[in-house]
Amino acid sequence: MNRRHFITASLVGITGAAYGLSTRSQAASKIETPLPAAREISPRAGPLTLIERAKAAMVAHQSSLLHTDRIGIADYSLHSAKERFHIVDMASGNIQSFLVAHGKGSDPRHTGWLQEFSNIPGSEASSGGSYMTSESYVGKHGTSRRLKGLDPTNNMAEPRAIVIHGAWYAEPEMVESHGKLGRSQGCFAFSESDLPVILERLGPGRLLYADKV
């Protein structure tokens with residue numbers, strides 16, 4: 001699969017209105033990535049299941065969100081060598097995908113697979129659930145974005161300093177050399193080259209949803 005791939009609005013037409021995305025953009029009807037690639041979003045539960053879950057989360061937390069135009073989805077069912085973080089444009093149906101690392105505490109043997117979520121401070125694990133993106137700041141990882149946990153499964157995100165940031169261990173070269181990414185301390189860590197796109201597309205007040213099936 002090509003990095004930062006797009007699944008265009010024609011995918012919405014093919015799969016129908018089951019997940020409720022608009023088909024307004026007929027000009028974007030060409031499929032730039034083959035349809036089977038969509039299954040990588042949640043291969044065990046059928047195409048786009050996590051999008052459906054994320055949409056339900058958006059409805060549940062709508063009063064907390066400033067924008068509902070895009071959703072970030074971390075599909076932790078997939079191995080860290082896969083592009084398992086997806087930014088979904090709710091109007092066009094476009095999906096843009098990236099590598100993302102998970103937490104050490106979620107994968108203590110460093111297999112590349114997320115074994116479990118945790119919301120416990122000091123666990124260094126990833127937490128599942130709904131997050132709202134917040135302000136950007138410059139910290140030890142450079143420009144980063146704060147996150148607010150909206151569910152009981154991730155409501156310790158702020159005191160745990162779970163954020164979006166760039167990291168050397170989330171670069172594609174790690175996959176080429178080791179067959180997997182490194183691990184974060186629970187944060188959503190991206191390659192430095194992808195980070196500006198993530199920060200711009202998921203500006204403050206948007207939903208980020210993390211889950212596995």
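Helix α2 (residues 49-60) comprises 12 residues and spans 17 Å from its first C-alpha to its last, close to the 16 Å expected at 1.5 Å a residue; the expected span is 1.5 Å times one less than the number of residues. Helices (H or I, at least four residues) and strands (E, at least two) are DSSP runs, numbered from the N terminus. The model is predicted, and local features need pLDDT of at least 70, side-chain atom pairs count only at pLDDT 80 or more, and totals for chains, interfaces and linings use all residues. Residues are numbered from 1 along each chain as its sequence is written, and side-chain values use heavy atoms, with hydrogens and water left out.

The buried residues of α2 are Thr49, Leu50, Ile51, Ala54, Ala57 and Met58. Buried denotes under 20% relative accessible area, exposed over 50%, and partly exposed the range in between (1.4 Å probe, protein chains only). An α-helix has 3.6 residues a turn, so residues three or four places apart point the same way. The buried residues of α2 pack against β2, β3 (85-89), β4 (95-98), β5 and β9, where contact means heavy atoms within 4.5 Å.

The protein chain as a whole contains 4 helices and 9 strands, in the order β-α-α-β-β-β-β-β-β-α-β-α-β from the N terminus on. Of its 213 residues, 53% are buried. Among contacts in the protein chain with a separation of 6 or more, 61% involve residues 24 or more positions apart. The protein chain exposes about 9300 Å², of which carbon and sulfur atoms supply 53%; accessible areas come from the Shrake-Rupley method with a 1.4 Å probe, and for residues only the protein chains shown count as cover.

Strand β9 (residues 207-211) is largely enclosed by the rest of the structure, because 5 of its 5 residues are buried. Leu207, Tyr209 and Asp211 point one way from β9, and Leu208 and Ala210 point the other way. In a regular strand the side chains alternate between the two faces of the sheet. Two strands are taken to pair if DSSP finds at least two bridges between them. Strand β2 (residues 70-75) pairs with β9 in the parallel sense over 5 bridges, and Ile73 stands opposite Tyr209 in β9. Strand β5 (residues 129-139) runs antiparallel to β9 and is joined to it by 4 bridges; here Met132 stands opposite Leu207.

Two loop residues were also examined. Leu114 lies in the loop between β4 and β5 and is buried, with a relative accessible area of 2%. Leu114 is 13 residues from Ala101 in sequence and 9.5 Å from Ala101 in space, C-alpha to C-alpha. Leaving aside residues up to four places away in sequence, Leu114 touches Tyr76, His102, Ser106, Ser126 and Lys212.

Arg160 is located in the loop between β6 (142-149) and β7 (163-166). Its relative accessibility is 13%, so Arg160 counts as buried. Arg160 and Gly122 are separated by 38 residues in sequence and by 7.7 Å in space, C-alpha to C-alpha. With residues up to four places away in sequence not counted, the residues touched by Arg160 include Ser118, Asn119, Ile120, Pro121, Glu124, Gln185 and Gly186. The side chain of Arg160 also makes polar contacts with the side chains of Ser123, at 3.4 Å, and Ser127, at 2.8 Å. A polar contact is a pair of N or O atoms within 3.5 Å; within protein, one must be able to donate a hydrogen and the other to accept it, and residues adjacent in sequence count only if both atoms are side-chain atoms.
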